Amino acid sequence: MSDDSRSSLATSRAEARTAVVIPAAGRGVRLGPGAPKALRALNGTPMLIHAVRAMAASRAVSLVVVVAPPDGAAEVKSLLDVHALPERTDFLVVPGGAERQDSVKLGLDALPPEYDIVLVHDAARPLVPVDTVDAVIEAVRDGAPAVVPALPLADTVKEVEPASVAGDPEPVVATPERARLRAVQTPQGFDRATLVRAHETVTDNVTDDAGMVERLGLTVVVVPGHEEAFKVTRPLDLVLAEAVLARRRLNDGF
C-alpha cells in the first residue's frame with residue numbers, strides 16, 4: 001500500500017461514523033427466573049437502559065441498535081421511549097435471534113450504509129465508562145480491524161481436565177503464564193466490513209465477535225479495559241453494580 005493510500009484510509013477512518021449493536025435477547029438464566037437479564041432493574045432502571053446510556057455517552061456514537069427478544073421488541077422500544085436518552089443519538093430496535101451470534105448479525109443487517117465503525121456491546125455490562133468506549137473507537141479509527149478492551153488477570157489460572165461428573169475433582173493440566181492473559185470486556189470495536197465478513201464466513205460457535213475476526217486470520221488488538229465494565233451475570237453482581245451506582249451518585253453530588 002502506498003503512503004497516499006495509507007493516508008487516505010486513515011482520513012476515511014477518522015471521519016467514519018460509529019454505530020453500536022447491543023444484543024439483548026438473552027434470558028439470563030443465571031440471574032434466576034423473571035424478566036430477561038437486560039430488562040432486570042438496576043437502581044430502579046433496566047440494565048439495558050444503563051447500557052444504552054453508557055454507549056450514547058460517547059460523542060462519537062450516533063446510532064445505537066438494540067436487538068430485543070424476538071417477542072419483546074415492542075416492550076424494549078417502549079422502554080427507550082420513556083427513558084431520557086441523549087438527543088444527539090439515534091436509536092433503533094430490531095427483534096433478535098435464537099443465539100447471540102444470530103442477534104448480532106440481525107443488528108448488523110439493520111445498520112444504514114453510512115456507518116463504517118461498529119461496536120458490539122453486552123447489555124449485561126451496564127456501567128462501562130465512556131473513556132473505555134472512546135478508547136475502542138479511537139483504536140479502530142487508527143486502523144485496527146478489531147479492538148477489545150481487557151484487563152490483566154488478578155488470579156492465577158489453571159487449565160484442567162474437566163470432570164465427567166459435576167463437582168468431582170479436576171486434574172490440573174497446565175498453568176498458563178498470567179502476564180500473557182487478559183479478561184476481555186465490551187464494547188468490542190470493528191471496521192464494519194471486517195465484522196460483516198466474519199459473520200458471513202465464520203459458522204462455528206464462538207464466545208465473542210473478536211473471536212470470529214481471529215478466525216479470519218486478522219489481528220485483534222487490546223486496549224485497557226475498566227474494572228466497572230464487569231458483566232452482571234449472577235445475583236452478587238447486581239449488588240456490586242448497585243454499589244458502583246451509589247458511589248457515582250455520591251461523587252456526582254446527587
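## Overall picture

A residue counts as exposed when its relative accessible area is over 50%, and as buried when that area is under 20%. Those two words run through this report on a predicted model.

The protein has 254 residues, and 46% of them count as buried. It contains eight helices and 12 strands. Among contacts with a separation of 6 or more, 72% join residues 24 or more positions apart. The protein exposes about 13200 Å². Carbon and sulfur atoms supply 52% of that area.

Helix H3 covers residues 73-82. The face turned away from its buried side carries three exposed residues: Ala74, Asp81 and Val82.

The buried residues of H3 are Ala73, Val76, Leu79 and Leu80. Viewed down the axis of H3, they fall within an arc of 120 degrees, so they line one face of the helix. In an α-helix there are 3.6 residues a turn, so residues three or four places apart point the same way. What do the buried residues of H3 pack against? Their partners are strand S3 (45-46), helix H2 (47-56), strand S4 (61-68) and strand S5 (90-95).

## The second largest pocket

The second largest pocket holds about 350 Å³ of space. Its lining is made up of 14 residues. His50, Arg53, Ala54, Val128 and Arg248 lie nearest the centre.

Which helices each supply at least two residues of this lining? They are H2, helix H5 (130-141) and helix H8 (235-252).

## Glycine 97: buried in a loop

Glycine 97 sits in the loop between S5 and helix H4 (100-109). Is this residue buried or exposed? Its relative accessible area is 18%. The cut-off for buried is under 20%, so glycine 97 counts as buried.

Setting aside residues up to four places away in sequence, glycine 97 touches Ala25, Pro70, Asp102, Ser103 and Leu106. Valine 67 is 30 residues from glycine 97 along the chain. The C-alpha atoms of these two residues are 8.6 Å apart.

Alanine 41 belongs to strand S2 (residues 41-42). Its relative accessible area is 51%. That value is over 50%, so alanine 41 counts as exposed. Beyond its neighbours within four places in sequence, alanine 41 is in contact with Pro46 and Leu238. Leucine 238 is 197 residues away along the chain, yet the C-alpha atoms of the pair are separated by 9.1 Å.

Asparagine 43 lies in the loop between S2 and S3. How does asparagine 43 count at 36% relative accessibility? It is partly exposed, because 36% falls between the cut-offs of 20% and 50%. Leaving aside neighbours within four places in sequence, its contacts are Glu242, Leu245 and Arg249. Asparagine 43 and alanine 243 are 200 residues apart along the chain. A distance of 9.5 Å separates their C-alpha atoms.

Note on methods
Residues numbered from 1 in each chain as written. Predicted model: local features only at pLDDT ≥ 70, side-chain atom pairs only at ≥ 80, totals over all residues. Heavy atoms only, no water. Buried < 20%, exposed > 50% of the residue type's maximum accessible area, 1.4 Å probe, protein only. Helix = DSSP H or I, 4+ residues; strand = E, 2+ residues; numbered from the N terminus. Arc of directions from axis to C-beta. Contact = heavy atoms within 4.5 Å. Areas by Shrake-Rupley, 256 points an atom, 1.4 Å probe, with all protein chains shown as cover. 1 Å grid on protein atoms, 1.4 Å probe; cavity = no way out; pocket = protein on both sides within 12 Å on 5 of 7 lines; lining within 4 Å. Points joined across faces, edges and corners; volume = space filled by probe spheres on them.
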